Amino acid sequence: MAGRTAPPSSPPATRTLARDLEPSADPAEAAAARVVPAAEPDPAAAPGQAAVPAEVADELGCQLSRLMRLVGRAAAQLAARRTDGIERAAHVLLAHLVREGPQRTTDLAEAVHSDPSTVSRQVGALVQQGLVERRPDPKDGRACLLAATAEGQKVFDEHRGTWNAYLLRLLATWPPGEIRRLASLLDRFNSDFEKFRMPLGDEPVREGDSQ
């Protein structure tokens, strides 16, 4: 178009998905921006599954890393305001016992991907605070189970209420339907993440897949 100065182009390797989706004054340019170059076929993709462009996977990885940093920052800020003296890592153990019920120390360590000796130390602090108790294992008299006490349930509920209020304030401008969809997609993502296994040098494996 006469008199129009073309905007400077960005190198393809540095363009992000968000930039590709920015609105354009030119309909043809806008349509072209929505076309994402095809990546090499993913050998791990299921038969019939469309290949995901490499830049989409890269953008997802960047956003997940960003999310983990932000969640960690928020958790640290909220923990600094509490006066119960519970370490963040210890609260993770308490939350798991409340949600999943009594567990052996080894099972609890495996569930939170931690070392049994570390979990044992953290549980000891929770026991001293009266938030967790040791009970005989009805299936094995030589072992014991860790269980949240009534006080532990109360502390967990207080922490959960504070976190929920934080999230609702954060998402105050979001329509309720979008918040529900976000929760649903995160549930699906987390469920797949929990099942996914990818040993080094092997093909991706999901629990339950035929060998």
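Analyst: Just after helix 4, G101 adopts a positive phi of about 90 degrees. Helices here are DSSP runs of H or I with at least four residues, strands are runs of E with at least two, and both are numbered from the N terminus. The model is predicted, so local features need pLDDT of at least 70 and side-chain atom pairs count only at pLDDT 80 or more, while totals for chains, interfaces and linings use all residues. Residues are numbered from 1 along each chain as its sequence is written, and side-chain values use heavy atoms, with hydrogens and water left out.

Helix 4 itself comes first. At 1.5 Å a residue, its 13 residues should span 18 Å, and the C-alpha atoms at its ends are 18 Å apart, which agrees. The expected span is 1.5 Å times one less than the number of residues. The buried residues in helix 4 are A90, H91, L93, L94, A95, H96, L97 and V98. Buried means under 20% relative accessible area, exposed means over 50%, and partly exposed lies in between, with a 1.4 Å probe and protein chains only. What do these buried residues pack against? Their partners are helix 5, helix 6, strand 1, strand 2 (140-148) and helix 7. Contact here means heavy atoms within 4.5 Å.

The side chains of R104 and D137 meet in a salt bridge, 2.9 Å from N to O. D137 lies in strand 1 (residues 132-137) and R104 in the loop between helix 4 (88-100) and helix 5 (105-111), so the pair ties together parts that are 33 residues apart in sequence. A salt bridge is a side-chain nitrogen of Lys or Arg within 4 Å of a carboxyl oxygen of Asp or Glu. Side chains of opposite charge can pair when their charged atoms come close.

Leaving out residues up to four places away in sequence, D137 touches R104, A143, C144 and L145.

The structure holds three salt bridges. One of them joins E133 and R135, at 2.8 Å from N to O. E133 is partly exposed at 32% relative accessibility, and R135 is partly exposed at 36%. Another joins R160 and D157, at 3.2 Å from N to O. These two residues are three apart in helix 7, which puts about one helical turn between them. An α-helix has 3.6 residues a turn, so residues three or four places apart point the same way. R160 is partly exposed at 40% relative accessible area, as is D157 at 33%.

Back on the backbone, H113 has a positive phi of about 55 degrees although it is not a glycine. Most residues other than glycine have a negative phi. H113 sits in the loop between helix 5 and helix 6 (116-128) and is exposed, with a relative accessible area of 73%.

Now the rest of the chain. The protein has eight helices and four strands, and from the N terminus on its elements run α-α-α-α-α-α-β-β-α-α-β-β. Buried residues account for 18% of its 211 residues. Of the contacts between residues at least 6 apart in sequence, 43% join residues at least 24 apart. The protein exposes about 15900 Å², of which carbon and sulfur atoms supply 56%. Accessible areas come from the Shrake-Rupley method with a 1.4 Å probe; for residues, only the protein chains shown count as cover.
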